[in-house]
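Here is a short report on one protein chain.

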Amino acid sequence: MKHNSIHWFRKGLRLHDNPALLAAMKDCAELYPIFILDPWFPRNMKVSVNRWRFLIEALKDLDENLKKINSRLFVVRGKPTEVFPLLFKKWKVTRLTFEVDTEPYSRQRDADVEKLAAEHNVQVIQKVSNTLYAIDRIIAENNGKPPLTYVRFQTVLASLGPPKRPVQVPTQENMKDCCTLWKSSYNEKYGVPTLEELGQDSLKLGPRLYPGGESEALSRLELHMKRTTWVCNFKKPETEPNSLTPSTTVLSPYVKFGCLSARTFWWRIAEIYQGKKHSDPPVSLHGQLLWREFFYTAGVGIPNFNKMEGNTVCVQVDWGNNKEHLQAWSEGRTGYPFIDAIMTQLRTEGWIHHLARHAVACFLTRGDLWISWEEGQKVFEELLLDADWSLNAGNWQWLSASTFFHQFFRVYSPVAFGKKTDKNGDYIKKYLPILKKFPAEYIYEPWKAPRSLQERAGCIIGKDYPKPIVEHDVASKQNIQRMKAAYARRSGSTAEVDKDSGQSNKNGAKRKVAGGPSVAELFKKNKSKKD
DNA sequence: ACTCGCGTTGGGTTG
DNA sequence: GCAACCCAACGCGAG
């Protein structure tokens, strides 16, 4: 019996390494590759015009690549649960395939669609291809709980063996016994949307540095893989956050949208490593893909992973609520040129280096402004081309010393950190041209420049560029004490904790945290189930 | 139950 | 220029 198949693209916007697409093509009479413009997304999250453009370009490229194998992409408008019953009937669908997506909204959505499919006698096939491993297998292997350290994570993966190899790329041969039917009305009904249709202002677009799509992803991949020495020597902490052109691959937006398969990336790197000395996780290129996997695992295994409240592994911190400071940070007006340059790059270009993310995330939270990491998470979710739910939540928890990372006394300096790799402040001058006439001596701290120098530079601090909104040396010291107090409350010290000084009595014995079971207790139940 | 080594990427001073 | 050390000190996970 031959099927009429829908393959539903969500992430995974590619033909290569797409097992669910291959499954749709098997014993198939009519194939309908679709993407659904789901109104849930713009209603529930801000998305920058830059990321909308990336998505549109990815969809266009997908349509072009499907055309090459005698198919097309149908972009459908509407809620998935409303769209599918109509499509099932209209196209006499018997099979629906898609890639497994582990985010909370996606899981609920997919469960709802699966139910609808069953009601319409439509077979559903789901395949793992967004991640290197099936995430629930990782969790099961670790006795039902996600590892909280990278070392432990690696141990768990070692027992699972290497990731699966990517599957074959579909060709015209795969389509020879089936067809995709589209009519002359295709473009008005199923065409890839424009920015205007999505209510986006194209005048707000930044430079097109990272065009969307699988074709661009694969050519970028090959471009970097040609640099075999660089690939083998890659150590993330040694790459520069403030180089004038990216010091890393910037493949992250492509991996996020699935224009590039993580497994294809993994095995391509493995080919380069073959027989050569190379760096290792956590700092190597393989290591970077494992970090992604690490946070995906945490996102699946830890309830309320994108929040502090109800997140049992997250330190509960009494973050402040200074709206002016949050806005200044978000708009690059903190008065710290290094921070403001990074936020400007983020807003205009949609990508910043990982260490630049560290600097601004630390500054917003435990370092200087004492604002909740959830606020930073929202801004990154809007502006980053590579914004990915688990990675964004996980990294914000990391940098704010809320989860995974606990050495809160290690604070990034908004002045010193950037100097290590850009003494002259060329990066600052690129993104904050108002400061371009300041000499290296003052470029990271322009408020210290004498008035006469400010005048000569054509930039008066406090008028043309803001004064620092906080004094880093004072704020960071105070915030370390606040973190100390938050940790003391967490471990349940019986001693009095003085909130202002953060002094706690170290002799206080540990006891259960008030208001809920500890993480260990929560996970114990799972463990006994497995054993 | 308890200790202990260590953790992808800090800053600052000293030698 | 660079390595060693201090700062004041966290939790995870192995043993």
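In this predicted model, chain A carries 79 positive and 58 negative charges, and their mean positions lie 3 Å apart. The accessible surface of chain A is about 24,200 Å². Carbon and sulfur atoms account for 52% of that surface.

**Overall build**

Chain A holds 24 helices and five strands. The C-alpha trace spans about 80 × 60 × 50 Å along its principal axes. Of the 531 residues in chain A, 54% are buried. Among contacts with a separation of 6 or more, 76% join residues 24 or more positions apart.

**Aromatic pairs**

The structure contains 42 aromatic pairs. One of them joins Trp329 and Phe380: the ring centres are 6.3 Å apart and the planes meet at 20 degrees, so the pair is stacked. Trp329 sits in helix α14 (residues 323–330) and Phe380 in helix α17 (residues 373–383). The two are 51 residues apart, and the pair links distant parts of the chain. Trp329 and Phe380 are both buried.

One aromatic cluster includes Tyr150, Phe153, Trp291, Phe294 and Phe295. Phe305, Trp389, Trp398, Phe404 and Phe405 also belong to that cluster.

How many of the 11 residues of α17 are buried? Eight are, and the helix is mostly covered. The buried residues are Trp373, Gly376, Gln377, Val379, Phe380, Glu381, Glu382 and Leu383. They pack against α3 (49–67), α14, α15 (337–349), α16 and α18 (389–399).

His358 lies in helix α16 (residues 354–367). Its relative accessibility is 12%, so His358 counts as buried. Leaving aside residues up to four places away in sequence, His358 touches Leu399 and Tyr412.

**Loop residues**

Cys314 is placed in the loop between α13 (285–301) and α14. Which residues does Cys314 touch, not counting those up to four places away in sequence? They are Met308, Trp373, Gln397, Ser402 and Thr403. Trp373 is also one of the buried residues of α17. Tyr150, a member of the aromatic cluster, is 164 residues from Cys314 in sequence and 17 Å from Cys314 in space, C-alpha to C-alpha.

| Residue | Relative accessible area | State |
|---|---|---|
| Cys314 | 3% | buried |
| Trp370 | 4% | buried |
| His358 | 12% | buried |
| Asn304 | 35% | partly exposed |

**Backbone exceptions**

Most residues other than glycine have a negative phi, and most peptide bonds are trans. Asn304 has a positive phi, near 55 degrees. Asn304 is in the loop between α13 and α14. Trp370 also has a positive phi near 55 degrees. Trp370 lies in the loop between α16 and α17. Which form does the peptide bond from Pro281 to Pro282 take, cis or trans? The bond is cis, with omega near 10 degrees. Pro282 belongs to the loop between α12 (262–273) and α13.

Technical notes
Residues are numbered from 1 along each chain as its sequence is written. Chains are lettered from A and ligands numbered from 1 in the order in which they are written. This is a predicted model: local features need pLDDT of at least 70, side-chain atom pairs count only at pLDDT 80 or more; totals for chains, interfaces and linings use all residues. Side-chain values use heavy atoms; hydrogens and water are left out. Helices (H or I, at least four residues) and strands (E, at least two) are DSSP runs, numbered from the N terminus. Buried means under 20% relative accessible area, exposed over 50%, partly exposed in between (1.4 Å probe, protein chains only). Contact means heavy atoms within 4.5 Å. Accessible areas come from the Shrake-Rupley method with a 1.4 Å probe; for residues, only the protein chains shown count as cover. Lys and Arg count as positive and Asp and Glu as negative; His and the chain ends are not counted. The place of a charge is taken as NZ of Lys, CZ of Arg, CG of Asp or CD of Glu. Rings of Phe, Tyr and Trp (its six-membered ring) pair if their centres lie within 6.5 Å; planes under 30 degrees apart count as stacked, over 60 as edge-to-face and the rest as tilted.
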